[in-house]
Amino acid sequence: MAKVLALVDRDPRDGTVLRSACALLTLARRFGEPVAVVGGDRPDAEAIRTLGRFGAVEVWCLAEAGAALGSGPADQPAAPAPALGSEPDPDPATDTDLLHHLAARLHPAAILIPATHRGQETAARLAVRLDSGIITNAVDVLPGPDGGPVAIQRCLAGSYLVESSVVRGTPVITVRPEAAVPEPRPVTPVVRTAGVEPAKIPRARIVASPEIVADRPGLDHADIVVAGGRGIGSRAAFAVLAEVADALGAAVAGSHTAAELGWVPREARVGLTGKTVQPRLYLACGVSGSVRHRAGMQGAKTVVAIGDDPQAPIFKLADLGVVGDVRAILPALLAEIRSRKTPDGGPAESTESDQTHSTDS
Amino acid sequence: MKIVVLTKHVPQAMGEVTYADDLTVDRSAVRCRLQDGDEYAVEQALRIAARRLDVQVTALTMGPAGAVAALRSALALGADEGVHVLDDALHGCDAPATSLVLAAACRRLGFDLVLCGTASADGAMSVVPAMLAERLAVPALCQCDRLHTDEDRVHAHRDAGGTAEDLTATMPAVLSVTDRSGEPRYPRFEAIAEARHKLVRTWTLADLGIDTRRVGLTAAATAVHRVTRPAPRTATVPGTDPAEAATRIADFLTERQFL
Ligand SMILES: Cc1cc2nc3c(=O)[nH]c(=O)nc-3n(C[C@H](O)[C@H](O)[C@H](O)COP(=O)(O)OP(=O)(O)OC[C@H]3O[C@@H](n4cnc5c(N)ncnc54)[C@H](O)[C@@H]3O)c2cc1C
Ligand SMILES: Nc1ncnc2c1ncn2[C@@H]1O[C@H](COP(=O)(O)O)[C@@H](O)[C@H]1O
C-alpha cells in the first residue's frame, strides 16, 4: 500500500503533538499507510506514542536533529550532513527539506500538511521543489475514483464548495485542523531517521520569541471582540461571557444598555457614542444591533450573533446567527472551546491516561 | 534599493462572484479592484521609501487587461512605476504557474525586497509569496505584522499563532504583510491624476522567456471536478438545544481559524 505522509505540528514550547497531527493521520488512513513526519528536534517517547495511537506506521525524523530518541532502528547511522563540514550545522534541514527528501525516497500517494502559517510556507516551497500540484485549506479529503485524494475546499468567502485533485506530481495538500476528528487506531510505529541535506537557500532567522502577554487585549486593537447586551440578563451571566472572551483571547465589550446596567465599564461601550471597533471577529451576545450600536462595529470582518429574537437587526449583519437563549448557549460554548483547545482531544481521550494535556494555554 | 510590490486585481464583492464554464473564477462579470491586502504591502513599501533616499517602488501585477487598474491604484498611492504581465495564455494559471511568471518578472526587474499581501481575496491560498521565494532562492518572511529595513537586512515581527516571533533576513527577500502592519494611506486627489502619467510597462510571456505550455489552464497541476453552492453561510440557526448551538458556533470559529 502506498504511504501517505502527514507533517506533524508540535507545541513549540513543550514538543507535545498537536491535535492537527492526529487529524491528519486519521485522514491519511483513507488513502494508504499513514507515515508521520517530524521536523526539528527529535520527538520524545511520549510524542511517538501519541502518533502511534493515531495510526502512524512509521515516524520519520531528522538524523542530525538534537535530543535523544527512544527506540527504533536508525535507518542511517547518524551521519553528519553531507557536503557541509561536520561542525555544528547552523542551518539544520527544514520541514520542506525533510519532506522533499522523503517524497523522493518513499513515493507517497500524498503529503498532508496542517494549514497553519508555517505549514502554508512549507507546502508552497515543497510544491515548487517537487513540481507538484498543491491544494490549500482543504476542509475534507476523500478517496477519489482512482483511490487518490480528492480535496474539498470552501471558496469565495465560503459560498462555494470546490472539489479538486492534483494531476501532476505528488499531491501536496494543506488541511484545516477541523477537517477530521482524530480517531485512534493504535499501532507501534517504526521510528526512522533520514540524513537530509538542507537546501542552499538563505533563510530568515528567528532572533527572539517574545511571550505574548496572556492578558486580555485592549478593545481598540483587538482581533476578536466578544460583546454582550441586555439579553445577557445578569452580572453572573456576563461573567461567563468574559470567560468565553478569555478562552478566545478576545476583548470584552458591551452595548450602551450593558454599560448602563453596570456589566461593562463605560469605556467598553461600542457604538456611535462609544468605541468603534474593527476586529476580525465580533461575537455579539444578546445584543439587538440598534443603528447606534451597529455604527461602532460594522467594520468587523466576521460577525457571529446569538439572540432570541430572529427579527433583531444584528442578524442581518451576521455571518452566523444563532437563535436561542444566550444564557444557556454561552456556558456550552465555553466548554466546547476549552475542549477543542486541548491537544489531540479526541472523543477517546478519557479512556487513555498516558497523555499530558496542556489545557491552560 | 528596489522594491517590487505584488498587486492583484480581485473582484470587489466576493459574494457576487461565480464560476465560469471552465470552472475558473469568472472575473468578467464583476467589478474588480486592487485587493485590500496588497494595499498594506504598497503602504509598507512607501514607508520604507520615506525613510531612505534610494528607493524605487515597482508595482507588479499579472492578470487580464483590466488588471492594469490595480497598478493605477498602486501608482496613485505612491508607487513609482508599474509592470503588467498580460498574455492570453495565462488564463487559468494555478499557483505554481503564477509564481513562475511573477518570479521571472521580479528577476527581470531586479529587487531587494518583494512585498506581497498575505492572501488573495479570491483564491486565498497564501502560497504565492513562499513559492516566489523558493523560485528566487531567497528567504520568505510570511505574515509579518511589522517590518523595517536597515542597510542590507530586513527585520520583521509576526504572530505565529499564539507565539510572537522577531525575524531577520538578509536582502533580497520576499515578505508578506498582514492588515495589522499599518493602515494604507488614502490617495491624494492630485496623486490620482499624476498616476495616469506614470510609466506602466506591459510584458508578455515571450518578454519573460516563458514557454506558454508551462502556464494556463492546460498546464495546471490541479484539476477542479465540481463546484457546488452550499446553503448560504449567512444561515441563521433556529432555536436548537444549547449544546448543539455551541457546537455550531465552535465549528464556525474553527473553520474561520479563530480557534
Ligand atoms: C443619543 C443616543 C446614543 C446612543 N448611542 C449608542 C451607542 O453608541 N452604542 C450603543 O450600543 N447604544 C447606543 N444607544 C442605545 C441604543 O439605541 C440601544 O438602546 C442599545 O444599543 C441597545 O442595547 P442592547 O442591544 O444591549 O439591548 P436591546 O436592544 O434591549 O437588545 C437585547 C437583545 O437581546 C435579546 N435577548 C434577550 N434575552 C435573551 C436571551 N436570554 N438569550 C438571547 N437573546 C436574548 C433580545 O431579543 C434583543 O435582541 C444610544 C442611544 C441614544 C438615545
Ligand atoms: N496574479 C497576481 N498578480 C500579482 N500579485 C499576485 C498575484 N497572485 C498573487 N499575488 C500576490 O500574492 C499574494 C498571495 O496570493 P495567494 O497565494 O494567491 O493567496 C497576494 O496578496 C498578492 O500580493
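Here are some worked exercises on a predicted model with chains A and B and two ligands.

**Exercise 1. How many residues of chain A are in contact with chain B, and how much area is buried between them?**

Step 1: Start with the head count. On the chain A side there are 67 residues, and they touch 74 residues of chain B.

Step 2: Now the area. About 6,400 Å² is buried between chain A and chain B, and carbon and sulfur atoms give 60% of that.

Step 3: Look at the polar side of things. Between the two chains you'll find 21 residue pairs in polar contact, counting pairs with both residues at pLDDT 80 or more.

Step 4: Ask which elements of chain A do the touching. Those that supply at least two residues each include the helices α4 (117-130) and α9 (326-341), along with strands such as β5 (134-143) and β6 (149-155).

Step 5: Sort that side of chain A by class. You get 37 nonpolar, 13 polar and 17 charged residues.

**Exercise 2. Which side chains meet in a salt bridge at 2.7 Å, N to O?**

Step 1: Recall the idea. Opposite charges on side chains can pair when the charged atoms come close.

Step 2: Go to the boundary between the chains. Four salt bridges are counted between chain A and chain B.

Step 3: Pick out the pair. R125(A) and E134(B) are the partners, with N to O at 2.7 Å.

Step 4: Zoom out. Over all chains, the structure holds 30 salt bridges. One of them joins D95(A) to R118(A), at 2.9 Å from N to O.

**Exercise 3. In which sense do β10(A) and strand β10 of chain B pair, parallel or antiparallel?**

Step 1: Find the two strands. In chain B, β10 covers residues 164-170.

Step 2: Check the direction. The pairing is antiparallel and runs over three bridges.

Step 3: Name a bridge. A208(A) has D166(B) as its partner in β10(B).

**Exercise 4. Which residues come nearest to each ligand?**

Step 1: Take ligand 1. It has 25 residues around it, and the nearest are R230(A), S255(A), L272(A), S288(A) and D308(A).

Step 2: One of its oxygen atoms is 2.7 Å from an N or O atom in the side chain of R230(A). A polar side-chain atom of S290(A) sits 3.1 Å from an oxygen atom of the ligand.

Step 3: Move to ligand 2. Here 20 residues surround the ligand, with D38(B), M62(B), S120(B), S126(B) and V128(B) the closest.

Step 4: M62(B) uses a polar backbone atom, 2.9 Å from a nitrogen atom of ligand 2.

**Exercise 5. Where is Y19(B) found, and what is Y19(B) in contact with?**

Step 1: Y19(B) lies in the loop between β2 (9-11) and β3 (32-34) of chain B.

Step 2: List partners beyond four places in sequence. From chain A these are C155(A), L156(A), Y160(A) and V162(A); from chain B they are T24(B), V25(B), D26(B) and V227(B).

Step 3: Relate Y19(B) to S120(B). The two are 101 residues apart in sequence and 16 Å apart in space, C-alpha to C-alpha.

**Exercise 6. Which peptide bond is cis, with omega near 5 degrees?**

Step 1: Look in chain B. The cis bond runs from M171(B) to P172(B).

Step 2: P172(B) is in the loop between β10 and β11 (173-177) of chain B.

Note on methods. Residues are numbered from 1 along each chain as its sequence is written. Chains are lettered from A and ligands numbered from 1 in the order in which they are written. This is a predicted model: local features need pLDDT of at least 70, side-chain atom pairs count only at pLDDT 80 or more; totals for chains, interfaces and linings use all residues. Side-chain values use heavy atoms; hydrogens and water are left out. Contact means heavy atoms within 4.5 Å. Buried area is the accessible area (1.4 Å probe) that two parts lose on being put together, summed over both. A polar contact is a pair of N or O atoms within 3.5 Å; within protein, one must be able to donate a hydrogen and the other to accept it, and residues adjacent in sequence count only if both atoms are side-chain atoms. Helices (H or I, at least four residues) and strands (E, at least two) are DSSP runs, numbered from the N terminus. Ala, Val, Leu, Ile, Met, Phe, Trp, Tyr, Cys and Pro count as nonpolar, Asp, Glu, Lys and Arg as charged, and the others, Gly among them, as polar. Two strands pair if DSSP finds at least two bridges between them. A residue is near a molecule or strand if one of its heavy atoms lies within 4 Å of it.
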